[in-house]
Each structure stands twice: as structure tokens, then as C-alpha cells.
Amino acid sequence: MYTLVVLQTIAHLFADYTFQSKKIAKSKAKHGFRSPMLKWHILIVFGCAAVFAFDYRFLPFALGTALLHWVIDGCKPLLLKSKALKKGAFFIDQFLHIVTYVVMSWLFLKLFTWEPIIFDISYISYFVIFAIFLFCTKPANILIREIFNLFSVSFTGKSEDLPNAGRLIGITERWMVIVFILIGQFSAVGFLITAKSILRFKDGDYLKTEYVLIGTMLSFAIAIGSGLLLKSILNLN
């Protein structure tokens, strides 16, 4: 089950993050079931779930994953309208999606013996590595944003930074941290954190500095956690 869940996690990361634009996400959040973008998003969810199972018998379960995804996303505007649940809507949404594909994977393995085509189970370590690095791209950026939203952390001042530069820097630094952890260079991780902090504190806008520093610490926390998790999994394999 572990192997199939890893593959379905990759499918989820692609469908709900990599292949989902801001336009699609905003449309779903605002209109729910009435969103014209929702059907295309669900089609992508179905396609990713089916492809990353590497077994044609998983198609009904991929369809089940997609239909439940449709229900969850369609109901999201209700969460966003709730004062008590609004700030945690993203986490509730993602938790339900994860439970969905894990349960579908479990049901499939209860009914069938998984026989993946063009895929050797012995290569699962490479897929785990890929999943962790994929998570540390756009998904991690969105996770940090939603943590800010959860704790009402915001910065409304004008920024002179390059467009999207912060996101690219964040992805790069997280990948570097993971690589350093995998090769056992923990001192390099400390140096990277120190260097980033010094550069940020050179900014004269202290409110912006605090805002960015929080984001930096969250980014490094995600990277370190991901790197340690990956190293533990690889050691088990």
C-alpha cells in the first residue's frame, strides 16, 4: 500500500498544485459547483490518479477519487463563508483529499493484487525522492501562504522585489537544504540559514523584514522536515 500511496501522492501534487493555476483555484473557491473551471480540474485529477497507478484496473478508483474531489472542491465556498472554518479551509480541504486517495488505494489493494505496468516497485525510492522535491516547489509556497493566513500574518506595504523572485528563491533554498541533509552536510544548512537571515535584515523596512523572516523560517522548517523524512525513508529502504 505504501508504494501506491506514494504514487497517488505525486498524482495529487501534480493535479492540485502543478496543473492548477490561480485562475482555476479562485474560480473554484468563489463559485464551487458552479465554477466552469471545476470540471477541467476534476478531469486532471482523474487523469493523474489513473496514470500514476500504472494499472488499468485502478480506473474506477481513480474515478472515485475524482468524484470525491469534485464534492470536496464544490463545497469549499461553504468553508470559506464560515467564520469559524474560513482560515483553516485549505487544511481541511487538503486533509479530505489525502484521506480520499489513501482510502481508494486501500480499497483497490483489498480487491486486487496490484500489478503495475512499465513500473518496477524496486524503483519506489526514486519516486519518494521525486515526491519530496515536488512538494517543496509550488505546494510548499502555498502551504506557507496558508499558514500566514491561518495566523493572520500579512504585509501590505509596497515591495520592490522582483516578481516571483521570492518563490523561486524559496524553492531553490528548500532543494539545497534537502540535498545538504541527504549528504550529511548539516553545517551547510546552518550556513544557508544564517546567510539568508543576514541578507534579509539589511532591509530597512523592519515590518517587511519580520514578514519575510517568518516566511524564511517556515520555508527552512519545511525543507528540514522534508529532508529528514526523506533520509529516514531511504534508510528504511
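1. Buried means under 20% relative accessible area, exposed means over 50%, and partly exposed lies in between. These cut-offs sort the residues discussed below. The model is predicted.

2. Lys28 has a relative accessible area of 7%. That value is under 20%, so Lys28 is buried. Lys28 sits in helix α2, which spans residues 22-31.

3. What does the side chain of Lys28 meet in a salt bridge? The partner is Asp73, at 2.7 Å from N to O. The pair links distant parts of the chain, 45 residues apart. Asp73 belongs to helix α4, residues 59-74.

4. Is Asp73 buried or exposed? Its relative accessibility is 4%. Asp73 therefore counts as buried, since the cut-off is 20%. Lys28 is buried, and Asp73 is buried too.

5. How many salt bridges does the structure hold? There are three. Lys28 and Asp73 form one of them. The other pairs follow.

6. Arg57 and Asp55 meet through their side chains in a salt bridge. The N to O distance is 2.8 Å. Asp55 has 5% relative accessibility. Asp55 counts as buried because this value is under 20%.

7. Arg145 pairs with Glu146 in a salt bridge. Their closest N and O atoms are 3.3 Å apart. The salt-bridge limit is 4 Å, so this pair qualifies.

8. Burial within this pair needs a separate look. Arg145 has a relative accessible area of 46%. This falls between 20% and 50%, so Arg145 is partly exposed. Glu146, at 13%, is buried.

Definitions and conventions:
Residues are numbered from 1 along each chain as its sequence is written. This is a predicted model: local features need pLDDT of at least 70, side-chain atom pairs count only at pLDDT 80 or more; totals for chains, interfaces and linings use all residues. Side-chain values use heavy atoms; hydrogens and water are left out. Helices (H or I, at least four residues) and strands (E, at least two) are DSSP runs, numbered from the N terminus. Buried means under 20% relative accessible area, exposed over 50%, partly exposed in between (1.4 Å probe, protein chains only).
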